[in-house]
Amino acid sequence: MVSRPPTFCPDCGTRLETATVDGRERERCPACGDVVWHNPVPCASVAIVDRSRADARVLCVERGVPPGVGEWTLPGGHIELGEEPAAAAARELEEETSVSVDPGALEILSASAMAPRDGKHVMTVHYVADRADADGDPLAGSDASAARFWSPSEFDASGETFRPVHEERFREAAAYFD
């Protein structure tokens with residue numbers, strides 16, 4: 001399995017050919033016959049929702065590294081080998097914002113597949129948790145240039161932009177506990 005479109009067999013190095021396998025076009029090695037599966041990369045994100053004001057606010061990060069520098073997202077990233085999705089979401093939250101939450105406090109918000117970027121497909125499990133279940137104050141870390149709580153009306157008035165898919169999850173999370 002690879003995360004970007006393959007050109008060569010990862011086992012023997014032969015240039016791949018396109019073949020119909022299981023009714024779909026796949027890349028197959030003509031030398032060893034192996035199919036090289038191009039599957040999405042599993043990711044997880046978490047929306048921490050602060051309900052202490054009239055308008056619920058959601059913790060977001062501004063990306064400081066490619067892809068999407070300057071775009072706002074929910075804290076999240078790749079699920080590591082052997083890691084449960086909720087644990088990955090909690091780990092990414094702490095790495096990107098210094099806010100921590102127990103993975104057991106997370107509820108599934110939704111799941112989404114992003115349009116491919118440079119041939120890389122991503123599938124994300126999005127979680128949500130109440131701010132009361134989280135510890136710490138937002139401080140940008142790892143690949144974030146900023147971390148803060150936004151209400152939908154504050155974000156709309158800001159002129160900032162969300163990374164694709166994340167705005168929809170942001171708005172879902174803001175209304176989740178209503």
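Before I come to the strands, a word on terms: two strands are said to pair if DSSP finds at least two bridges between them, and helices (H or I, at least four residues) and strands (E, at least two) are DSSP runs, numbered from the N terminus. What we have here is a predicted model, in which local features need pLDDT of at least 70 and side-chain atom pairs count only at pLDDT 80 or more, while totals for chains, interfaces and linings use all residues. Residues are numbered from 1 along each chain as its sequence is written, and side-chain values use heavy atoms, with hydrogens and water left out.

Let me start with strand E4, residues 41-50. Three bridges join E4 to strand E7, residues 76-78, and these two run antiparallel; within that pairing, serine 45 stands opposite glycine 76. With strand E10, residues 120-130, E4 runs parallel, and nine bridges join the two, with proline 42 set opposite methionine 123. The pairing with strand E5, residues 57-63, is antiparallel and has two bridges, and here aspartate 50 has arginine 57 as its bridge partner. E4 and E5 are also joined by a hairpin, through six residues.

How much of E4 is buried? Taking buried as under 20% relative accessible area, exposed as over 50% and partly exposed as in between, with a 1.4 Å probe and protein chains only, nine of the 10 residues of E4 are buried.

Now to helix H1, residues 85-97, which has 13 residues and reaches 18 Å from its first C-alpha to its last, close to the 18 Å expected, where the expected span is 1.5 Å times one less than the number of residues. Directly after H1 comes serine 98, whose phi is positive, near 65 degrees. The buried residues of H1 include Ala86, Ala90, Leu93 and Thr97. If contact is taken as heavy atoms within 4.5 Å, then what covers the buried residues of H1 includes E4, E5, E7 and E10, together with strand E8, 100-101, and strand E12, 144-150.

Why is glutamate 92 counted as buried? It is counted so because its relative accessible area is 9%. Leaving out residues up to four places away in sequence, glutamate 92 touches Gly76, Gly77 and His78. Its side chain is also joined to that of arginine 91 by a polar contact of 3.1 Å, a polar contact being a pair of N or O atoms within 3.5 Å, where within protein one must be able to donate a hydrogen and the other to accept it, and residues adjacent in sequence count only if both atoms are side-chain atoms.
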